[in-house]
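Trainee: Please take a close look at one part of this model, the aromatic rings and what surrounds them. I would like one connected account.

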Amino acid sequence: MGPRRTTLAVMFMAGAALLARGEARAAPAYSWLEAEPIRTIADSVAAPAGFGRVAVAPGSFGDWLRHLPLKPADNGVSLHDGRPVADHGTVAAVVDIDVGRSDLQQCADAVMRLRAEYLFSRRLTGLIGFELYSGERYRFAAFAEGVTPVLSGERIVWQSGPPQDSSHASLRRWLDTVYAFASTRSLAHELRPVAPPSDAAIGDVFVHPGSPGHALIIVDLAVDPASGRKLALLAQSSTPARDVHVLWNALDPRLGPWFELVEGRSFATPGRVFAPNELRRF
């Protein structure tokens, strides 16, 4: 094992141990916000009658996603350039998180943004990193040291420059760099398969790799204790880059924003049908 891989392994084990013992110092939970959230998924989206939200550990990724801040109820989805997007009855709520000014934070990128923000909120910056389309993993810690990827023909090469800091503003700059070199293919490759879909957990990702591909993330789950039926609440961005939003189930409006997970069955959402084997986990 080379020195870079050895360092990464040590950082991963140390960060995971801190998280498991609940000793990681918490940064502000949603560091991009200037004030405490007014609305959240948990207090604005009720579970359907007969269903109860699944239990999650305080401070976990699932708990963090369940309490994502939402924009006021009358806010619609906007593109990165501010133009409004017609939701056609497929948007239940808009997550209060910036999309950036460029056409970068699309579907897989929004998933990576949420995962990176959670780890940042737990001060687990050594664990923040994603696979690029070259198969190489690009860590936020490397960016802070001044390392950035650049294209040389069709290859990614690594360039050393002035060190950065580990602030949230630096995290956002790093993420924009990641977005340019990652995709649904790289995200699907680095995540672990989940089977069957009825074993889904909050934070799992449906990802169809391709051009075009698509990815969305489970931000909450509810279960009927009598029947065992499991429903998922989903968030996504899309192309062109736009606000991250919670989906409304236009395919079965009786469920509102919830989507049923059924073992052995394809998972249909407005605009995309995912195969049962396209559910992945960080």
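Mentor: W32 is buried, because its relative accessible area of 14% falls under the 20% cut-off. The model is predicted, and what follows is computed from it. W64 also counts as buried, at 5% relative accessibility. The structure holds 16 aromatic pairs, and W32 and W64 form one of them. Their arrangement is edge-to-face, with 6.1 Å centre to centre and 75° between the planes. W32 lies in the loop between helix 1 (3-21) and strand 1 (39-40), while W64 belongs to helix 3 (residues 61-66), so the contact ties together parts that are 32 residues apart in sequence.

Both tryptophans belong to a cluster linked by ring pairs. Its members are Y30, W32, F61, W64, Y118, F130, Y138, F140, W158, W174 and F282. Two arginines sit over rings of this cluster. The charged end of R113 is placed over the ring of W32, 5.7 Å from its centre. For R115, the ring is that of F61, and the charged end lies 4.8 Å from the ring centre.

A further buried residue is F206, at 0% relative accessibility. F267 is buried as well, with a relative accessible area of 5%. F206 and F267 form a stacked aromatic pair, 4.2 Å centre to centre with 5° between the planes. This pair links distant parts of the chain: F206 is in strand 10 (residues 205-208) and F267 in strand 15 (residues 267-269), 61 residues apart.

Definitions and conventions:
Residues numbered from 1 in each chain as written. Predicted model: local features only at pLDDT ≥ 70, side-chain atom pairs only at ≥ 80, totals over all residues. Heavy atoms only, no water. Phe/Tyr/Trp six-rings, centres within 6.5 Å; stacked < 30°, edge-to-face > 60°. Helix = DSSP H or I, 4+ residues; strand = E, 2+ residues; numbered from the N terminus. Buried < 20%, exposed > 50% of the residue type's maximum accessible area, 1.4 Å probe, protein only. Lys NZ or Arg CZ within 6 Å of the ring centre and 35° of its normal.
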